[in-house]
Amino acid sequence: MSDLSRRKLITAGLAAAGGVAGVGLAAGLARRYGLIPPDHAGFYGPGETLTYAAQRILTKHSMAREFPPSEISKPPFVNEVAPLGDQFKRLRDGGFADWRLSVDGMVARPASFSLAELKSHPARRQITHMACEEGWSYIAEWTGVPLSQVLDQVGVLPEAKYVVYFSFQRDWWDSVDMSDALHPQTLVAYGLNGGELPVGNGGPLRLRVARQLGYKNVKYITRLTVTDNLKKFGQGLGSASPEGGYAWYAGI
């Protein structure tokens, strides 16, 4: 069966299962094809599974809309964060020269990158819409290195399923599957609107996942861990991550 025919079959099956026999049957079909999100258990699990599976089938290769410079919001919204402490202040005062992004887990060549090293990679610039679950949004130009380039440099193992990214903020982390991690619009962002990424917007480094809501775009990232299982990072999801009850998959 061709990939296109297979996609049509699964899509039709998910739609029929969701509309006729309920989301429970849809979840069973998604499980058959390995389209199960980490938060598939519990009362909302079948619905989360249906959403994730349908999105992955229908929009796997889709791109977030990109805008002309005339559409950039002025100024971009700055969401408040808790004080980052003396260590962060020392790093900032030093121009973030000592800031490191480590990459470990299921990779062939664990590594640690300075801000300067990341900036030496070919950069991508994109003007995209940042939408928050709280209701605010803005359009901005983001500059950074595609996460796929970083992962290619360290050599992701074939059995890897997720990339977990950790913030300088204590107990603040999130994750995406390899589909989003390797998407060309997913950036390790270090620039905003032609300048450095301001601290208020997550500088010096922020993961920018253009196809997901704001809470998946974690600020102040310092570490990436490639894994095949998220349970080792907490009690499933939400225990240490910023999601705090939100869905793991937040596609838009």
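User: What makes up the lining of the second largest pocket, by residue class?

Analyst: In this predicted model, the lining of the second largest pocket divides into 11 nonpolar, 6 polar and 5 charged residues. The lining numbers 22 residues, and N79, W172, G214, Y215 and K219 lie nearest the centre of the pocket. The volume of this pocket is about 390 Å³.

User: How many salt bridges does the structure hold, and why is the contact of R56 and D180 called one?

Analyst: The structure holds 9 salt bridges. The side chains of R56 and D180 meet at 2.8 Å, N to O. The cut-off is 4 Å between a side-chain nitrogen of Lys or Arg and a carboxyl oxygen of Asp or Glu, so the pair qualifies. R56 belongs to helix α3 (residues 45-59) and D180 to helix α7 (residues 178-181), so their contact ties together parts that are 124 residues apart in sequence. Both R56 and D180 are buried. R56 and D180 are also linked with D177 and R211 in a network of salt bridges.

User: What separates K89 and D93 along helix α4?

Analyst: K89 and D93 are 4 residues apart in helix α4 (residues 85-93), a separation of about one helical turn. Their side chains meet in a salt bridge at 3.1 Å, N to O.

User: Why is D93 called exposed, but K89 partly exposed?

Analyst: The relative accessible area of D93 is 55%; exposed means over 50%, so D93 counts as exposed. K89 has a relative accessible area of 41%, which lies between the limits of 20% and 50%, so K89 is partly exposed.

User: Which parts does the pair of R223 and D104 tie together?

Analyst: R223 forms a salt bridge with D104, with the closest N and O atoms 3.3 Å apart. Since R223 lies in strand β10 (residues 221-227) and D104 in strand β1 (residues 100-105), the pair ties together parts that are 119 residues apart in sequence. R223 is partly exposed at 31% relative accessible area, and D104 is partly exposed at 24%.

User: How do you know that E141 has no salt bridge?

Analyst: The nearest side chain of opposite charge to E141 is that of R125, 5.1 Å away. The side chain of E141 does reach the backbone nitrogen of G194 at 3.4 Å, and the limit for a polar contact is 3.5 Å.

User: What makes Q212 buried, and which backbone nitrogen lies 2.9 Å from its side chain?

Analyst: Q212 has 3% relative accessibility; because buried means under 20%, Q212 falls in that class. The place of Q212 is in the loop between β9 (206-209) and β10. A polar atom of its side chain lies 2.9 Å from the backbone nitrogen of A250.

User: Is L147 buried or exposed?

Analyst: L147, in helix α6 (residues 147-154), is buried, with a relative accessible area of 0%. L147 and V163 are 16 residues apart in sequence, and their C-alpha atoms are 9.9 Å apart.

Methods: Residues numbered from 1 in each chain as written. Predicted model: local features only at pLDDT ≥ 70, side-chain atom pairs only at ≥ 80, totals over all residues. Heavy atoms only, no water. 1 Å grid on protein atoms, 1.4 Å probe; cavity = no way out; pocket = protein on both sides within 12 Å on 5 of 7 lines; lining within 4 Å. Points joined across faces, edges and corners; volume = space filled by probe spheres on them. Nonpolar A, V, L, I, M, F, W, Y, C, P; charged D, E, K, R; others polar. Buried < 20%, exposed > 50% of the residue type's maximum accessible area, 1.4 Å probe, protein only. Lys, Arg positive; Asp, Glu negative; His and termini not counted. Polar contact = N/O pair within 3.5 Å; in protein donor to acceptor, adjacent residues only side chain to side chain. Helix = DSSP H or I, 4+ residues; strand = E, 2+ residues; numbered from the N terminus.
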